[in-house]
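I opened a new page for this chain.

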Amino acid sequence: MSSQKASRRDFLKITGAGVAGTALGATASSYARVMGAGDRVRVAICGVRGRGQDHIHGFARVPGAEIAALCDVDESVLNQRLGDIEKLGLPKPKSYVDIRKLLEDKDTDAISIATPNHWHALMAIWACQAGKDVYVEKPCSHNWFEGRQLVRAVKKYSRICQHGSQSRSNPGMLEAIQQLRDGTIGDVYMARALCYKWRPSIGHAAVEAVPPGVNYDLWTGPSSSEAVHA
């Protein structure tokens with residue numbers, strides 16, 4: 001692996017942690033050691049209504065990262081986030097409604113995906129095909145098949161992909177897994193887990209017109225597709 005690719009990989013790891021709010025206390029000098037003086041990663045943030053807003057604030061605090069573009073199917077949300085970035089005192093990024101147009105931008109190094117879940121796998125695969133590195137929020141896919149297509153794309157196009165499962169990088173988790181591998185508690189033949197994240201039903205809404213400024217066809221995207229192919 002080249003030192004340049006290793007540096008980019010380390011940068012995306014740290015940046016991913018920074019976006020998650022777990023490593024924003026890292027110093028500018030630590031990032032400089034990762035990337036090298038003067039190097040910047042130009043990031044496009046995709047999906048900026050909810051979680052993507054956190055990405056904006058996260059990347060804004062990461063030395064070595066530049067928010068180069070925003071992408072969202074809702075133009076009102078897109079314009080609002082452009083205003084938020086202006087308030088942060090950052091350069092105005094490019095803006096896109098269609099992810100395909102964004103991926104044609106040769107000046108963008110990586111994309112950060114915080115769209116609704118049904119876009120995650122395909123958007124990440126397209127980004128790899130376009131020569132971009134990827135940070136993708138969880139879940140990266142709806143099923144095992146889609147996930148494998150993303151892995152194939154990362155390998156086929158020699159890209160870097162960081163998945164937003166921060167707990168997998170937690171020191172306590174790493175130590176626990178190592179203890180299991182070392183046989184501390186003997187042979188493990190079964191594991192049970194319980195996760196309390198109950199959420200109320202979103203209910204059923206009446207049919208209504210698409211809100212002004214929303215490209216509904218782009219929002220729907222691959223949600224009606226049965227498969228995603230790299």
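This is a predicted model: local features need pLDDT of at least 70, side-chain atom pairs count only at pLDDT 80 or more; totals for chains, interfaces and linings use all residues.

Residues are numbered from 1 along each chain as its sequence is written, and side-chain values use heavy atoms, with hydrogens and water left out.

**Sheet.** I asked what joins strand S5 (residues 133-137) to S6. I found 4 bridges, and the two strands run parallel. Two strands pair if DSSP finds at least two bridges between them. Helices (H or I, at least four residues) and strands (E, at least two) are DSSP runs, numbered from the N terminus. I then traced the open sheet: its 6 strands follow the order S3-S2-S1-S4-S5-S6, with parallel pairing. At the edges I noted S3 (94-96) and S6 (161-164), each pairing on one side only. Neighbouring strands of this sheet are turned by 20° against each other on average, direction ignored. Axes are lines fitted to C-alpha atoms, for helices over the stretch in contact, and angles run from 0 to 180 degrees between N-to-C directions.

**Helices.** I looked at helix H4 (residues 75-87) next. H4 lies across strand S2 (65-71) and S3, and runs at about 160° to S2. Is helix H6 (residues 120-129) mostly covered or mostly open? I noted it as mostly covered, with 8 of its 10 residues buried. Buried means under 20% relative accessible area, with a 1.4 Å probe and protein chains only. Among the buried ones I marked His 120, Leu 122, Met 123 and Cys 128. What covers them includes strand S1 (41-46), helix H5 (99-103), strand S4 (110-113), S5 and helix H7 (144-156). Contact here means heavy atoms within 4.5 Å. After H6 comes Gly 131, with a positive phi near 85°.

**Pocket.** I checked which residues lie nearest the centre of the largest pocket. They are Arg 49, Ala 114, Thr 115, Pro 116 and Trp 219, out of 37 lining residues. A pocket is an open set of points on a 1 Å grid, where a 1.4 Å probe fits, with protein on both sides within 12 Å along at least five of seven lines; lining residues have an atom within 4 Å of a point. Helix H9 (216-220) gives the most to this lining, with 3 residues.

Technical notes:
Buried means under 20% relative accessible area, exposed over 50%, partly exposed in between (1.4 Å probe, protein chains only).
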